[in-house]
Amino acid sequence: MRPDDIRVGVDETTDGYDLPIAADLRPLDAELTESGDRARRMLHGRTQPTNYFAMDLRARLLASYSGEEAGGSATLDVTAPRSQAQAPMPQHREPRRAEVSLMAQVAPRIELGAPAMLVNARWALLAAAVATGLLIAGALGTGVIPR
Amino acid sequence: MALVVTASRLETAREQALVARAREDAVAFGRLYDEYLPRIYGFIARRVEDRAAAEELTAATFRRALGAVRNDDLTSTAFGGFLYRVAASAVVDRARRSRRAIPATVRASDLDVGDDRRVAEAIGSDVAARAFAAAVDRDVLRRALQAIPEGSRRVLLLRYFDGLEVDEACAALNSTREALAVRLHRALRILRGALEQEAVDAA
């Protein structure tokens, strides 16, 4: 602390929302306060969130309480403080029997094998080749196509 | 003289009760969100000129706050101060990502030493300093504001430009009430000295 620094004592009259300002600095304090008010008024339109943004973000944040994430990623792009950065990763836990049963019930029913569309295409190609062969053989046999 | 407030403030006890409830209660977090969204968005938007970027950083700030509240991992007793610190970090992160001009005194390795330096850097950003200076009537005061050291300007910006409550400013700067009062007086005296010097130069 320097000799000209103020000391904030318990006898200072502060209401919890204020800092005591030395008497000789009050005019400057008042001028800067007025300038700050003006600056915020000048920027007011640009520094207020739109209703859409406010409502959308609110809904996305509160959705996490019901276990659903309504779009967007909860991943943060701000650096976590050291206490959080060094927190241990959650351990992998094997599912309990009831959970396994539930997972089996809700798992999509997918059978292994080639997709039906590919199977159909394969047979269609084979049929087309056979038909073409028969047509050529028939044409040769009947003399439509001269040998 | 009271700090200028931009919205009605939650009482500290009520805010702490809401934070405690918000761990499980969405309504409580919604109340905190409604209270702080305009101020945090404003703090960011006064330093980031692009609205989309301001929205992105605001969303990241509140997601981080939600995670901290739900995991009972708040690093500050003042929820508002925590939000301002996260918001300031997000502003600096964005500036670094977009490779904007960063003061030469700030090194990458400094980011590992707590968040104080990046918070200070965000508070004193050029965008904020320019916007505040533009609202100052007296030319000589405007020049004096530009002439004072960065550290002094930050304190003045936080108090007069952002209009933070004392408790929030203390939390944002990781400072005690007494230390903040000392820093503010020091900054005001430096500014007054710069004003006198400007007047001498003009004469």
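Which residues does B:Ala87 touch, not counting residues up to four places away in sequence? In this predicted model, B:Ala87 touches B:Ile40, B:Phe43, B:Ile44, B:Leu57 and B:Thr61. The surroundings of this residue are described below, beginning with the chain as a whole.

Chain B contains 10 helices and 0 strands. Its pattern along the sequence is accordingly written α-α-α-α-α-α-α-α-α-α. Of the 203 residues in chain B, 48% are buried. Among the contacts in chain B with a separation of 6 or more, 71% are between residues 24 or more positions apart.

In soluble globular proteins, nonpolar side chains tend to be buried together. The largest nonpolar core in the model has 68 residues. Within this core, the residues with the most contacts are B:Ile44, B:Leu83, B:Ala87 and B:Val91. Helix α4 of chain B, residues 79–97, supplies the largest share of the core, namely 11 residues.

Helix α3 of chain B comprises residues 51–70, 20 residues in total. From its first C-alpha to its last, the helix reaches 28 Å, close to the 28 Å expected at 1.5 Å a residue. Because 14 of the 20 residues of α3(B) are buried, this helix is largely enclosed by the rest of the structure. The helix is followed by B:Asp72, which has a positive phi near 55°.

Two packed helices are described by the angle between their axes and the distance between the axes. For helix α2 (residues 26–45) of chain B and α3(B), the axes come within 10 Å and cross at roughly 140°. This angle makes α2(B) oblique to α3(B). The crossing of the two helices is right-handed. On the side of α2(B), the contact is made by B:Phe29, B:Tyr33, B:Ile40, B:Tyr41, B:Ile44 and B:Ala45. The residues of α3(B) in this contact are B:Ala54, B:Leu57, B:Thr58, B:Thr61, B:Phe62, B:Leu66 and B:Val69. Of the residues in this contact, B:Ile40, B:Ile44, B:Leu57 and B:Thr61 are also among those touched by B:Ala87.

A second pair is formed by helix α6 (residues 126–134) and helix α8 (residues 150–161) of chain B, which pack at an angle of about 60° with their axes 11 Å apart. These helices are therefore oblique to each other. Their crossing is left-handed. The contact involves B:Ala128, B:Ala129 and B:Phe132 of α6(B), together with B:Arg153, B:Leu157 and B:Phe161 of α8(B).

Technical notes
Residues numbered from 1 in each chain as written. Chains lettered and ligands numbered in written order. Predicted model: local features only at pLDDT ≥ 70, side-chain atom pairs only at ≥ 80, totals over all residues. Helix = DSSP H or I, 4+ residues; strand = E, 2+ residues; numbered from the N terminus. Buried ≥ 20, exposed ≤ 12 C-beta atoms within 10 Å, placed from the backbone. Contact = placed C-beta atoms within 7 Å. Core = buried A, V, L, I, M, F, W, Y, C linked by C-beta atoms within 7 Å. Expected span 1.5 Å × (residues − 1). Axes fitted to C-alpha atoms, helices over the stretch in contact; angles between N-to-C directions. Parallel < 35°, antiparallel > 145°, perpendicular 65-115°, else oblique. Left-handed = near helix turned anticlockwise from the far one by under 90°.
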